[in-house]
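Please keep the sequence and the structure in view while reading.

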Amino acid sequence: MQRQNIDLIQTLFQSRLATLEHLLKTAQAHFCDDESFLQTRIAADMFPFGTQIAFTCNQPRNFALWCDGKSADNLDPDVTSLAQAYELIANTNELLLSINVEDIKLDEMTRIYDKNLYIELSGSAYVNEFLIPNFYFHLVTAYDILRMAGVPLGKRDYMIHLVPFIKQAEA
């Protein structure tokens, strides 16, 4: 197994943010620019699609902030317009591009706070046990909301990062 490094994590987040943007564009086309789909949710006690975009972006955003020695700073979860949704994705990508840190950062200890409780993890554990699982949870939830709302999406849309590698088998 290849040792994880900052560049690989950065690339993973960037490629999956492209997936999120693709899902958003597909939904926009399906709903003919009617932005009300941003308020669609799977269940009454779950967050809507627009919030899932913010929560998905929070993970790579907080990774980039952590790499820069800054505290986590979550985005406003009230995403009510397409322009706002696209801006969150674009700003998150810009923040990822600004990362300039050595892989040794992954050996540092970090704390994740929730009110007056915290978890202390190595940088690698922070990425693998907290950021990436949360990232995929919210990305999949966004996908599921759109599927439930009738947007014509399939696995190819979710796995769009692999499309450039598809080859035709020789006969």
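## The hairpin

Two residues separate strand 1 from strand 2, and the two strands form a hairpin. In its turn, Lys-115 has a positive phi of about 60°. The model is a predicted one.

The pairing of strand 1 with strand 2 is antiparallel and runs over six bridges. Within this pairing, Met-109 stands opposite Ser-122 of strand 2. In a regular strand, side chains alternate between the two faces of the sheet.

## Helix 1 and helix 4

Two packed helices are described by the angle between their axes and by the distance between the axes. For helix 1, which spans residues 6-30, the axis comes within 10 Å of the axis of helix 4, and the two cross at roughly 15°. Angles under 35 degrees count as roughly parallel, so helix 1 is roughly parallel to helix 4. The crossing of helix 1 with helix 4 is left-handed.

## Helix 2 and helix 4

Helix 4 also packs with helix 2, at an angle of about 160° and with the axes 8 Å apart. Angles over 145 degrees count as roughly antiparallel, and helix 2 and helix 4 are therefore roughly antiparallel to each other. Their crossing is left-handed.

Which classes of residue make up the contact of helix 2 with helix 4? The contact has 14 nonpolar and eight polar residues, and no charged residues.

## The largest pocket

The largest pocket has a volume of about 610 Å³. Its lining consists of 25 residues. Those that lie nearest the centre of the pocket are Asn-62, Ala-72, Asn-74, Ile-112 and Phe-130.

Which elements give two or more residues to the lining of the largest pocket? They are helix 2 (49-67), strand 1 (109-114), strand 2 (117-122) and helix 4 (123-148).

By class, eleven residues of the pocket lining are nonpolar, nine are polar and five are charged.

Conventions: Residues are numbered from 1 along each chain as its sequence is written. This is a predicted model: local features need pLDDT of at least 70, side-chain atom pairs count only at pLDDT 80 or more; totals for chains, interfaces and linings use all residues. Side-chain values use heavy atoms; hydrogens and water are left out. On a 1 Å grid over the protein atoms alone, a cavity is a set of points where a 1.4 Å probe fits but cannot get out, and a pocket is an open set with protein on both sides within 12 Å along at least five of seven lines; lining residues have an atom within 4 Å of a point. Grid points are joined across faces, edges and corners, and a volume is the space filled by probe spheres set on the points. Helices (H or I, at least four residues) and strands (E, at least two) are DSSP runs, numbered from the N terminus. Ala, Val, Leu, Ile, Met, Phe, Trp, Tyr, Cys and Pro count as nonpolar, Asp, Glu, Lys and Arg as charged, and the others, Gly among them, as polar. Two strands pair if DSSP finds at least two bridges between them. Axes are lines fitted to C-alpha atoms, for helices over the stretch in contact, and angles run from 0 to 180 degrees between N-to-C directions. Angles under 35 degrees count as roughly parallel, over 145 as roughly antiparallel, 65 to 115 as roughly perpendicular and the rest as oblique. A crossing is left-handed if the near helix is turned anticlockwise from the far one by less than a right angle, and right-handed if clockwise.
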